[in-house]
Amino acid sequence: MKDVDLKTKWQQILEDLEKQISRPTLKTWFNDVNPLQLYNGILRLEVPNKLVKDWLENKFHIILLKIAKSYFHEIKNIEYVLNTQIKTRTRVSKYSFQQKITIFEVTPSTNLNPRYRFENFVVGSNNELAFAAAQGVVTNLGTKFNPLFIYGGVGLGKTHLLQAIGNEVLRKYNNQKKVRYATTEQFTNELINALKNQTIDEFRQKFREVDVLILDDVHFLSGKNKSQEELFHTFNELYNLGKQIVFSSDRAPRLIPDIEERLQSRFEGGLVVDIIPPDFETRLAIVRLKNQERAYYLPDFALEIIAERITKNIRELEGALNYIAFRVKNISNLNKDKVEEMIKDYLKQNIKKISPKKIIKVVAEFYGLKEDDLLKKLRKKEIIKPRQVLMYLLREIGKLSYNTIGELLNKRDHTTVLYSYEKIEKEIQQNFELYQEIEFLKQKILEN
Ligand code: ADP
Ligand code: MG
């Protein structure tokens, strides 16, 4: 097919697409996308970076293919090729077999996310005890280590291990065991609702009729008497039936303030293990694994620099890896200095203050909304999510207090802001599309 024909038809495809998605969305994702060739039924599209590539593959592939088929009957598939790959032929073939990014979703009945498994947990001297205990729990359900209590700082893999226990129990016992995972915040909120709506029986059924109860972040119980009491009875009932219970917390049981003595002693009644920050080798193994899992293909020297620079927290380690992967335009031109520079920028974004104005502007533009509508107390459905994203970003990169954000958004209560922030934060752990959307917005905001 002649280049001109391909180009004209591509324009028509875009016009059709625009009828189905909004214009800002079209502009955001398709501005720098160009048709390269149509050969053997494969339409090759050139895309500017990894982010756009992922986005098109995950979000627009089916609809795009459908429209494209109406213009080119012979078409069988669409391939998205990074700008850099076009230059060297050999790499095209390598990249076109790239593994698909999988989107993991939480199973409602267990509240488990299948992405967290023992097999993708890197074991180092910092977490080997916790890991062994977690595995031990699965093979000795309700007997040997009951309860298991894992504690350690933020982003060190507690949730990963807890969820891996749940997933492994389901696998090992062919879904014959009932597993329930909850964050302590969920437990507390559901209890409040159950008391309010007089559905306490259902609540108890949910948390007591299980073989394995996994409760994450129990330090959240501090000062919450009702929840402590409920958990105490839940615990006793499960324990007496020989059911397995697993807890996590950001500190040892004795150090959680404002918590009943009797609950503390339950926490300590089984096995208590900690997780500490990983050493360099473990950090490197982790970034290598994530690099592979997410099909980033960053070279090893880049991974080493990341593992050297980010030492405290694995979530931050992952954050730096993503940050760099999304920004690399041309992998073959990447060098140590560029990686160092990007890490500096990544770390700076944690310190640098960005004007709220800029954040509001970018978010409004991205979702095709008026800035005013975004800030006002309009209850329109389509504004709810963009507004939550806005609050999240005002906090995350704007570094504003919940109160200030509330003020900015027409005097909203700070608890509303807190709720939105936590909702989005949780969701991006589980929803890869939203995660990319936020990464993209951050990149736009931090540009220039
Ligand atoms: P915590 O619950 O302790 O705050 P998480 O379990 O949420 O931490 O871990 C943060 C991120 O780091 C998750 O994406 C998790 O998969 C990853 N992670 C933590 N520890 C490991 C590890 N040892 N191997 C692989 N990934 C890890
Ligand atoms: Mg956690």
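This is a predicted model: local features need pLDDT of at least 70, side-chain atom pairs count only at pLDDT 80 or more; totals for chains, interfaces and linings use all residues.
Residues are numbered from 1 along each chain as written, and chains are lettered from A and ligands numbered from 1 in written order. Local features need pLDDT of at least 70 and side-chain atom pairs pLDDT 80 or more, while totals for chains, interfaces and linings use all residues; side-chain values use heavy atoms, without hydrogens and water.

Around ligand 1 there are 19 residues, of which G155, T159, H160, R315 and E318 come nearest; a residue counts as near if one of its heavy atoms lies within 4 Å. Oxygen atoms of ligand 1 lie 2.7 Å from a backbone N or O atom of G155, 2.8 Å from a side-chain N or O atom of T159 and 2.5 Å from one in the side chain of E318. The protein buries 97% of the 560 Å² that ligand 1 exposes when taken alone (Shrake-Rupley method, 1.4 Å probe).

Helices α6 (158-172), α11 (280-293) and α13 (314-327) each give two or more residues to this shell; helices are DSSP runs of H or I with at least four residues. Ligand 1 lies between domain 2 (128-275) and domain 3 (280-350), because both give residues to its shell. The domain bounds come from an automatic or database assignment.

F301 is in helix α12 (residues 300-309). F301 is partly exposed, at 26% relative accessible area, where buried means under 20% and exposed over 50%. Beyond its neighbours within four places in sequence, F301 is in contact with L334, N335, K336 and V339, contact meaning heavy atoms within 4.5 Å.

Key. A polar contact is a pair of N or O atoms within 3.5 Å; within protein, one must be able to donate a hydrogen and the other to accept it, and residues adjacent in sequence count only if both atoms are side-chain atoms. Buried means under 20% relative accessible area, exposed over 50%, partly exposed in between (1.4 Å probe, protein chains only).
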